[in-house]
Amino acid sequence: MKVRFAVAPGAGAPETDLETFADVLETSGFDGVWLSDLPAGPLVDPLIGLALIAGRSRRLKLGANLVPLGRNPFLLAKALAHLDQLSRGRLLLSFVTGVGQPDEAQVLGTDGANRGVVLEEIIALLRSWWAGDTVDHESARWSFASLMAPVRPVQQPLEIWLGGRGPKALDRVGRIADGWLGAALTPEEAVVACEQIRDSAVRAGREVDPEHFGLSIAYAREAPDPLLLETMRKRRDDIDPLELLPVGAPALRLLLERHIDAGLSKFVVRPAGPVSSWAEEIDWLAAAILDLQS
């Protein structure tokens, strides 16, 4: 099993630090960088950010945790294919239906009840265009008549992983996704989630690659801001936030080892608080966990 770590800058990182962040990561030994999508928030769009990083790097995998809802599927297929070409096949994708921001529903143009249906429609369209198919499609949202994409990705196929931890989300991963990148789960909960995904895949007559199960994990180097812990409690009031947010290098390493023992192998780690120096942060992180990468 190949264990790989990508590093995300975290929600509090200023956009102007992206260049420094990318330059430090490129020489660090970590497998990749990961940017997340906040459609109604101030973070840089991950496709724009990754285009910048692609031009400053040669080996880093370029991961995007993307909310595809609210985007025209044809233009999205084209943009992602171009990004994969510009990076020479280094693009990684994880799609989610939303991140629960205020004003998100009006920005995305769809409510929570049918987001999963829209996501599946988008994925089917993207895969058809990336395969070189001519698409005829009619729905309440989009109409495409004999439309072929002008560009295709380097990777064939360009994989689409999915996030989520609820029953419907996990079932969807098993039915249609190439992998799973979860979040906010203990190792014991992750084991159950993986089993649900595998069961769904069996029912759909398919298999998810056993190395395509991963998790996004926030960490803190010292005692985190109480406001952060309170926010985490609101999202999951059934568990102590410190079971999900390791504090210090030993706790982060132990949590990752437990997830690896549980069968997960792909991880996105991100600082939960502000970072004053990316060079120092990545050195600390490398000393804590990089030897676990295989």
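Ala 184 is found in the loop between β8 and α7 (187-203), where helices (H or I, at least four residues) and strands (E, at least two) are DSSP runs numbered from the N terminus. The phi of Ala 184 is near 55 degrees, a positive value in a residue other than glycine, and Ala 184 counts as partly exposed because its relative accessibility is 27%; buried denotes under 20% relative accessible area, exposed over 50%, and partly exposed the range in between (1.4 Å probe, protein chains only).

The model is predicted, so that local features need pLDDT of at least 70 and side-chain atom pairs count only at pLDDT 80 or more, whereas totals for chains, interfaces and linings use all residues. Residues are numbered from 1 along each chain as its sequence is written, and side-chain values use heavy atoms, with hydrogens and water left out.

A positive phi, of about 50 degrees, is also found at Ser 146, which is not a glycine. Ser 146 is placed in strand β6 and, at 52% relative accessibility, counts as exposed. In the loop between β6 (143-148) and β7 lies Pro 157, which is joined to Gln 156 by a cis peptide bond with omega of about 5 degrees.

The barrel is closed by 8 strands in the order β1-β2-β3-β4-β7-β8-β9-β10, with parallel pairing; two strands are taken to pair if DSSP finds at least two bridges between them. Strand β8 (residues 179-183) runs parallel to strand β9 (residues 213-219) and is joined to β9 by 4 bridges, and Trp 180 has Phe 213 in β9 as its bridge partner. Helix α1 (residues 18-26) packs on the sheet, touching β1 (4-7) and β2 (32-36), and its direction makes about 150 degrees with that of β2. Contact requires heavy atoms within 4.5 Å, while axes are lines fitted to C-alpha atoms, for helices over the stretch in contact, with angles from 0 to 180 degrees between N-to-C directions.

Helix α5 (residues 115-130) lies across β4 (91-95) and β7 (161-162), running at about 155 degrees to β4. The end C-alpha atoms of α5 are 22 Å apart, in agreement with the 22 Å that its 16 residues should span at 1.5 Å a residue, the expected span being 1.5 Å times one less than the number of residues. Among the buried residues of α5 are Arg 115, Glu 121, Trp 129 and Trp 130.

Asn 65 lies in strand β3 (residues 61-66) and counts as buried at 17% relative accessibility. The side chains of Asn 65 and Ser 94 are joined by a polar contact of 3.3 Å, that is, a pair of N or O atoms within 3.5 Å, of which, within protein, one must be able to donate a hydrogen and the other to accept it, residues adjacent in sequence counting only if both atoms are side-chain atoms.
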